[in-house]
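Trainee: Could you take me closely through the aromatic residues of this model and the ligand site, with the criteria behind each term?

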Amino acid sequence: MGFRDDFVWGGASASYQVEGAAAEDGRGPSVWDMFCREPGRILDGSSGDTACDHYHLYQKDVNLMKEIDYKAYRFSIAWPRIIPGGDGKLNEKGLDFYDRLLDSLAAADITPYATLFHWDYPYALFRRGGWLNPDSPKWFADYVSVVAKRLGDRLPYIFTYNEPQCFIGLSYDNTEHAPGIHFPIWDTLHMLHHALLGHGLAVQALRSIAPKTQIGYAPTGSAHYPATDSAADREAARKAYFAVEERPFWSVSVWSDPIFLGRYPEELLKKYGQYMPPIGQDDMKIISEKLDFLGQNIYNGSPVRSDGKGGYEYPKRKTGYAFTAAKWPVTPEALYWGPKFLQERYGMPLYITENGLSCQDTVSVDGKVHDPARIDFLRRYLRELRRASEDGVDIRGYFHWCVTDNFEWAKGYTDRFGMVYCDFETQERILKDSAYWYRDIIRSNGKDL
Ligand code: FCB
């Protein structure tokens with residue numbers, strides 16, 4: 001009982017959030033580099049120019065991961081570091097960085113899980129139409145082929161995308177994220193289709209160049225759960241979890257049905273079919289190239305109940321409900337019901353590729369960083385995940401977001417999600433109390449939760 005014996009415990013990060021060295025060794029600009037320069041876009045007026053300087057301090061970070069006893073590290077590869085103009089000429093120095101990182105992880109016996117695209121889209125490609133350009137799927141696949149050729153034999157696990165919900169929805173619908181431009185629904189649906197095609201072509205390239213690599217995908221979405229244990233509420237939550245609501249880009253099914261079931265959800269076609277781009281004859285086949293696992297980022301969810309008429313509704317959260325420093329609700333149930341519903345629908349082995357919270361962490365007078373709220377949050381969530389595992393959900397691993405505090409997109413440095421505190425002026429790192437706690441949880445394989 002509990003987690004499987006070979007359960008993968010780790011932590012996650014993303015290139016633009018941690019690497020810094022934005023203009024070093026030939027890296028090209030991404031949409032995020034440009035977005036950060038626009039006044040008013042980032043809460044504290046900052047950028048990822050230096051971030052945690054992971055580009056230079058990666059060895060220090062790997063040492064810290066080793067101290068926490070991580071089994072695995074999920075990081076992303078920066079497309080504009082590898083191909084500064086997005087397509088065409090390679091930048092060997094960019095590839096060298098990931099070579100060094102992989103050497104360091106291998107020496108520490110930490111398994112790498114690489115994400116190929118975590119939002120730092122090459123600015124040069126954005127200027128050519130980005131995901132709207134019909135060549136955009138090929139641009140992504142070409143970049144992936146480069147990574148596969150050079151690093152593929154050292155990358156046992158790969159995720160194509162992180163949270164497409166965000167790099168299309170937050171970027172081109174509600175404009176909170178780079179490049180922050182609103183496009184109408186017919187354009188964003190076109191982007192959706194191109195992004196999905198890019199994923200499929202990338203999978204094909206990986207299968208032929210790096211046949212030993214296992215491939216997954218890391219979307220997100222609010223993990224709805226039943227408000228009570230009644231059968232009607234369970235059914236309502238299941239329905240709501242995969243529904244296509246008013247903001248289709250937030251939906252789980254819009255981004256995962258095509259990949260795992262080979263079709264767009266009926267509800268999307270019913271509501272938005274008139275705006276969908278033409279679907280090529282082989283498109284759905286390409287998009288649904290078989291994957292080895294599903295990664296899901298789950299931070300929270302919403303309670304759902306039956307409306308008594310075969311539909312569902314969202315009851316008001318209870319007054320004074322718990323939330324994090326980022327004002328995200330604390331809903332541990334999401335790590336039970338999310339995996340359960342995902343397994344039922346897609347039947348894939350599952351990794352939780354991100355989960356965690358931001359706290360108002362500071363260095364105490366004793367020089368330590370005490371974060372009891374993080375420990376309590378993780379304990380509650382991980383107990384639910386363990387329960388899902390005990391109920392037969394095939395959960396292979398869990399990646400805490402994130403290793404070090406870092407550049408939290410539009411929130412700049414105002415949200416601290418790390419288990420390792422980072423002083424962004426001195427680049428000093430301090431393991432927070434939660435890091436020591438997590439180390440013990442890892443060592444007991446979750447028994448001490
Ligand atoms: C997720 C992102 C990740 C980080 C966390 C807090 O949506 O994938 O980069 O910002 O949220």
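Mentor: What follows goes from the aromatic pairs to the ligand.

This is a predicted model, in which local features need pLDDT of at least 70 and side-chain atom pairs count only at pLDDT 80 or more, while totals for chains, interfaces and linings use all residues. Residues are numbered from 1 along each chain as its sequence is written, and side-chain values use heavy atoms, with hydrogens and water left out.

A search of the whole structure finds 59 aromatic pairs, where rings of Phe, Tyr and Trp (its six-membered ring) pair if their centres lie within 6.5 Å, and planes under 30 degrees apart count as stacked, over 60 as edge-to-face and the rest as tilted. One of these is the edge-to-face pair of Trp9 and Tyr438, with 6.1 Å from centre to centre and 75 degrees between the planes. Because Trp9 lies in strand E1 (residues 8-12) and Tyr438 in helix H16 (residues 433-443), this pair ties together parts that are 429 residues apart in sequence; helices (H or I, at least four residues) and strands (E, at least two) are DSSP runs, numbered from the N terminus. Trp9 is buried, with a relative accessible area of 1%, and Tyr438 is buried too, at 0%, where buried means under 20% relative accessible area, exposed over 50% and partly exposed in between (1.4 Å probe, protein chains only).

Trp32 and Trp409 form a tilted pair, 4.7 Å centre to centre with 50 degrees between the planes. This pair links distant parts of the chain, 377 residues apart, with Trp32 in helix H2 (residues 31-36) and Trp409 in the loop between strand E11 (395-401) and strand E12 (420-422). Both Trp32 and Trp409 are buried, and they belong to one aromatic cluster that includes Tyr16, Phe35, Trp119 and Phe407.

The ligand is surrounded by 13 residues, the closest being Gln17, His118, Asn162, Glu163 and Glu408, where a residue counts as near if one of its heavy atoms lies within 4 Å. A side-chain N or O atom of Glu408 is 2.7 Å from an oxygen atom of the ligand, and a polar side-chain atom of Asn162 lies 2.9 Å from a ligand oxygen atom. Taken alone the ligand exposes 290 Å², of which the protein buries 94%, with accessible areas from the Shrake-Rupley method and a 1.4 Å probe; for residues, only the protein chains shown count as cover.

Note on methods. Polar contact = N/O pair within 3.5 Å; in protein donor to acceptor, adjacent residues only side chain to side chain.
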